[in-house]
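Me: I'd like to go through this structure with you step by step. Can we start once it is on the screen?

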Amino acid sequence: MRRSLSLSAGREEEGKPTRLLASLGSPRCPLCAGGGASEKSSEEFMSLEMSAENLASATVTDAEENSKSSTDLKAESTLEKTGGTATMSKRQRKKLMRQKQWEEQRDLRKKKRKEKRLKRKLERQSQLESRNEGSIRKRMLREIVPSTLRLIVDCSFDSLMELKDVKKLHKQIQRCYAENRKALHPVQFYLTSHGGQLKDNMDETDKGWVNWKDIYIKSEHYSELIKKEDLVYLTSDSPDVLNELDESKAYVIGGLVDHNHHKGITYKRAQELGITHAQLPLGVFVKMNSRKVLAVNHVFEIILAYLEKRVWEEAFFTVLPRRKGAKPLHATTDACVCKLKNSEEVQDEVSGSD
């Protein structure tokens, strides 16, 4: 509205010079008038014409300035109302939005960079640890010296066990195999009288057992494979105590999980076959809250630990689970236990810090 008023005012100003010229009239002919008078009137006419032109140009300029000022005021008011985005192009608005999002996501980008640095640090640490483990494993492989001692798990009690107990025996055998594979002095591992429920369960749940290495899995009875004079049956019911391990012998462990339903059966089997029998010196060094009957894998691991340490006390307390409530009977044993506990605590702290 303001712009239209200013334009109309400009048109009115432009019309003034025309009316002024019309009021002055047309110039007289020089032939009709005198010479001096004509020259004077001509000069006056030219000066009037120039003043009219100047007035017209000044009026147009004022009109344009008024129009521009009104336009600028309108643009400024519109910019204030719309926050400066109405006069922007679509590309400028997108650019402004991107910049705004960039500023808002500054903390998020900082957090992501921090997480990325932490992830790279953990990856480097894991790589270093794997390299160290690999070097330790290689060093252990160089230090491994297989033992000539034969250790047999007698699986001839299959018919005396329920399926759930057979499955437990299977797990214990798996543990024996795994511990023997990583021992410093692995034994000659035998699995005899293999068949029945145990074999069926292994075929069903652990088909990879056919590819096991460093183990002799036989369906025959151990008495058919090894001389009787070389056999020593390990049973907690034997009155004889085993003080030393003879690596030329073959020690038999009864593969039975019966929860004490068939008490003394392994001792009776050894007597029936006329085989030498003995028990581990557990009662000499250890006081236990429960009975002295150990699981197959515990007996197996104790023998592996003894071959490494050559001390029964350390072997027992390295393997025996805490639920057995094992306590030392002698001061020397107590010192060994303290030493083992301290080493375990140090390992726990190291693993916790990692």
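Me: Is Lys-110 buried or exposed?
Reply: This is a predicted model, and in it Lys-110 is exposed, with a relative accessible area of 57%, which is over the 50% that the word exposed requires.

Me: Where does Lys-110 lie, and which surface patch is it part of?
Reply: Lys-110 lies in helix α4, which covers residues 106-143, and together with Arg-113, Lys-114, Lys-116, Arg-117, Arg-120, Lys-121 and Arg-124 it forms a positive surface patch.

Me: OK, now salt bridges. How many salt bridges does the structure hold?
Reply: The structure holds 8 salt bridges, and one of them joins the side chains of Arg-106 and Glu-103, with 2.4 Å from N to O. Arg-106 is partly exposed at a relative accessible area of 42%, and Glu-103 is also partly exposed, at 41%.

Me: Why would side chains like that pair at all?
Reply: Side chains of opposite charge can pair when their charged atoms come close.

Me: Which residue does Arg-175 meet in a salt bridge?
Reply: The side chain of Arg-175 meets that of Glu-301, at 3.5 Å from N to O. Arg-175 lies in helix α5 (residues 163-181) and Glu-301 in helix α10 (residues 296-309), so this pair ties together parts that are 126 residues apart in sequence.

Me: What about Arg-181, which residue does it form a salt bridge with?
Reply: Arg-181 forms a salt bridge with Asp-214, and their closest N and O atoms are 2.8 Å apart. This pair links distant parts of the chain, since Arg-181 is in helix α5 while Asp-214 is in the loop between α6 (196-205) and β3 (215-217), 33 residues apart. Arg-181 counts as partly exposed at 40% relative accessibility, while Asp-214 is exposed at 56%.

Me: Switching topic, how many disulfides are there?
Reply: The count comes to 0 disulfides, taking a disulfide to be a pair of cysteine sulfur atoms within 2.5 Å. As for individual cysteines, Cys-155 counts as buried at 5% relative accessibility, and Cys-176 is buried at 0%.

Me: Last one, where is His-330 found?
Reply: His-330 is found in the loop between β8 (327-328) and α12 (331-353), and at 41% relative accessibility it counts as partly exposed. The C-alpha atoms of His-330 and Glu-313 are separated by 9.8 Å, although these residues are 17 residues apart along the chain.

Key:
Residues numbered from 1 in each chain as written. Predicted model: local features only at pLDDT ≥ 70, side-chain atom pairs only at ≥ 80, totals over all residues. Heavy atoms only, no water. Buried < 20%, exposed > 50% of the residue type's maximum accessible area, 1.4 Å probe, protein only. Patch = residues over 30% accessible without salt bridge, like charges linked within 9 Å, V, L, I, M, F, W, Y side chains within 5 Å. Areas by Shrake-Rupley, 256 points an atom, 1.4 Å probe, with all protein chains shown as cover. Salt bridge = Lys/Arg side-chain N within 4 Å of Asp/Glu carboxyl O. Lys, Arg positive; Asp, Glu negative; His and termini not counted. Charge placed at Lys NZ, Arg CZ, Asp CG, Glu CD. Helix = DSSP H or I, 4+ residues; strand = E, 2+ residues; numbered from the N terminus.
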